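Please read the numbered points with the sequence and the model side by side.

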Amino acid sequence: MRHVPSAERVLLTNSGSEATYAALRLARAVTGRNKIIKFQGTYHGWHDAVLMNVISPPEKIGQYDPLSLGMLPEVIQQTLILPFNDVEALADTLQERGDEIAAILVEVIPHNIGCVLPRPEFLQALRELSTRSGALLIFDEVITGFRHALGGYQSICGVTPDLSTFAKAMANGYPIAALAGKAAYMDRFGPGGGVMFAGTYNGHPVGVSAALATIAILEDGSVHQHCFGLAQRAAAGIQQIGDELGIPMKVVVFGSVFVPYFMEGPIETYTDLLRNDNARDVSFRRTMCDHGIFMLPTALKRNHISAAHTAADIDRTLETARRVLHDL
Ligand SMILES: Cc1ncc(COP(=O)(O)O)c(C=O)c1O
């Protein structure tokens, strides 16, 4: 709560999906509205309201693209999918249907499709337009939280959401997640507030201890500095190799995350990524794995630097990348 701007109250749970589920339930309870907005390319967990339109094939853009069988159509249809970074689409939707929207749920950097950075004016519009329409603004910081800054991406971009969700880096991989937010909303989970929040293992001592230990270690900033420096070096190195070899590539880096896309920029929204050469991307990743450098062998996926990585690891990664890209 000391570090995260929106965290006037915090509730702990065990997974990011539980946290986003509770956030949406709270938003619906507070507003008395049913619909939510999410963006093409973002992932927020496995439940029916959000499990759709992440890495969609081109023919599914603009339509529902659920990721599983067995999801309730009635729930899916309460979610509106908009393009990320598109202020006009957001403004038009809220103009037409603002009084139906309980929440706008957003991965502030959609890391589930690599590293697509938000335009400052889009972040500003999210805040202003959600306030104006009475919808709650929820930042899903399950990936960005603690990884990019102790206060999450909200402490970097200066836009404060109503609710936020955290997991992953919060306890350096131990199973714990959090829903944080403004007291006026979060107190509805308390006695008389009418909104249910429960879970046998919520606030489990193992996860809590790991989170406290992680936060204590991150507080002086040296781990972030170390990871950010290595990620910059990896990204700049791969970009340079790609440029020298004449491969159309754009390596995007933010904090400790870097993603080599096999395409030219700009990369601002999901449809831009349809230009990515997925076959080349996967082939690069597979061959890197074959040479002992693990990169998830799926197109568009991000790479993370962690505290344990060293400059020698990056040098080895770059030597390997040069050989692999040369032979692609
Ligand atoms: C941004 C984001 N939100 C929510 C989730 C769901 O978290 P969990 O897998 O812990 O349920 C994930 C998982 O990858 C995620 O990346």
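This is a predicted model: local features need pLDDT of at least 70, side-chain atom pairs count only at pLDDT 80 or more; totals for chains, interfaces and linings use all residues.

**Note on the structure**

1. N85 counts as buried, at 2% relative accessibility; buried here means under 20% relative accessible area, exposed over 50%, and partly exposed in between (1.4 Å probe, protein chains only). N85 is placed in the loop between strand 3 (79–82) and helix 3 (87–97). Helices (H or I, at least four residues) and strands (E, at least two) are DSSP runs, numbered from the N terminus. The phi of N85 is near 70 degrees, a positive value in a residue other than glycine.

2. Residues are numbered from 1 along each chain as its sequence is written, and side-chain values use heavy atoms, with hydrogens and water left out.

3. Further backbone features deserve attention. Most residues other than glycine have a negative phi, and most peptide bonds are trans. L300, which is not a glycine, has a positive phi of about 75 degrees. L300 is located in the loop between helix 9 and strand 10 (303–304) and is buried, with a relative accessible area of 4%. A cis peptide bond, with omega about -5 degrees, joins G265 and P266; P266 belongs to the loop between strand 9 and helix 9.

4. Which residues touch the most other members of the largest nonpolar core? They are F146, I238, F258, F284 and L325, in a core of 39 residues. A nonpolar core is a set of buried Ala, Val, Leu, Ile, Met, Phe, Trp, Tyr and Cys residues joined through side-chain atoms within 4.5 Å. Two or more residues of this core come from each of strand 7 (177–181), helix 7 (205–218), helix 8 (222–245), strand 8 (250–254), helix 9 (278–290) and helix 10 (311–327). Helix 8 gives the largest share, eight residues. A second, separate core has 36 residues, including I37, L90, I109 and A299.

5. F146 and H224 should be read together. Leaving aside residues up to four places away in sequence, F146 touches G152, F166, A169, M170, I215, L218 and H224; contact means heavy atoms within 4.5 Å. H224 lies in helix 8 and is buried, with a relative accessible area of 10%. With the same exclusion of residues up to four places away, H224 touches F146, R147, H148, A149, L150 and L218.

6. Helix 7 has 14 residues and reaches 20 Å from its first C-alpha to its last, close to the 20 Å expected at 1.5 Å a residue. The expected span of a helix is 1.5 Å times one less than its number of residues. Its buried residues are G207, A210, A211, T214, I215 and L218. Why do they lie on the same side of helix 7? They cover an arc of only 130 degrees around the axis, which puts them there; the arc is that of the directions from the helix axis to the C-beta atoms. The buried residues of helix 7 pack against helix 8, whereas the face turned away from them carries the exposed residues P205, L212 and I217.

7. Helix 9 may be examined likewise. The buried residues of helix 9 are D281, V282, F284, R285 and M288. An arc of only 155 degrees around the axis holds them, which puts them on the same side of helix 9. They pack against strand 9 (257–261) and helix 10, while A279 and D290 are exposed on the other side of the helix. G292, with a positive phi near 90 degrees, follows helix 9.

8. The residues around the ligand are S15, G16, S17, Y43, H44, G45, E107, N112, D140, V142, I143 and K168, a residue being near a molecule if one of its heavy atoms lies within 4 Å of it. A polar side-chain atom of N112 is 3.1 Å from an oxygen atom of the ligand. For D140, a polar side-chain atom lies 2.6 Å from a nitrogen atom of the ligand. An N or O atom in the side chain of K168 is 2.8 Å from an oxygen atom of the ligand.

Methods: A polar contact is a pair of N or O atoms within 3.5 Å; within protein, one must be able to donate a hydrogen and the other to accept it, and residues adjacent in sequence count only if both atoms are side-chain atoms.
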